[in-house]
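Dear colleague,

I am handing over a structure for you to look through, and below it I have set out what was found in it.

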Amino acid sequence: LVDVPIYTFHGSVDSIVPVAGTRGMAEALEAAGSSVFTYEELEGMDHGIWETVADRADVVKWLFSQTLANR
């Protein structure tokens, strides 16, 4: 996964899926030298962060800029 563009988000107080798993994945990818991985932890937010993330123009732009040629 080191070379796969990943942009992931997690609410810091997620009561459904523990944030520790995403933090661990972020640490592992960083340690492996990934330069195409981005992790944002949304402070004070619970599990339902999708609307917050989907409304961000920068996230939509990143999503639609991905191509197989980028890999």
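Which residues does Val53 touch, not counting residues up to four places away in sequence? With contact meaning heavy atoms within 4.5 Å, Val53 touches Phe9, Leu42 and Val59.

Before going further, please keep in mind that this is a predicted model, in which local features need pLDDT of at least 70 and side-chain atom pairs count only at pLDDT 80 or more, while totals for chains, interfaces and linings use all residues. Residues are numbered from 1 along each chain as its sequence is written, and side-chain values use heavy atoms, with hydrogens and water left out.

Val53 lies in helix 2, residues 50-54 (helices are DSSP runs of H or I with at least four residues, numbered from the N terminus). Val53 counts as buried because its relative accessibility is 3% (buried means under 20% relative accessible area, with a 1.4 Å probe and protein chains only). The C-alpha atom of Val53 is separated by 10.0 Å from that of Glu40, 13 residues apart along the chain.

Val53 also belongs to the largest nonpolar core, whose 6 residues are Tyr7, Phe9, Leu42, Ile49, Val53 and Val59 (such a core is a set of buried Ala, Val, Leu, Ile, Met, Phe, Trp, Tyr and Cys residues joined through side-chain atoms within 4.5 Å). In soluble globular proteins, nonpolar side chains tend to be buried together. Ile49, one of these core residues, is in contact with Phe9, His10, Gly11 and Leu42, leaving aside its neighbours within four places in sequence.

Best wishes

Notes: Helices (H or I, at least four residues) and strands (E, at least two) are DSSP runs, numbered from the N terminus. Buried means under 20% relative accessible area, exposed over 50%, partly exposed in between (1.4 Å probe, protein chains only).
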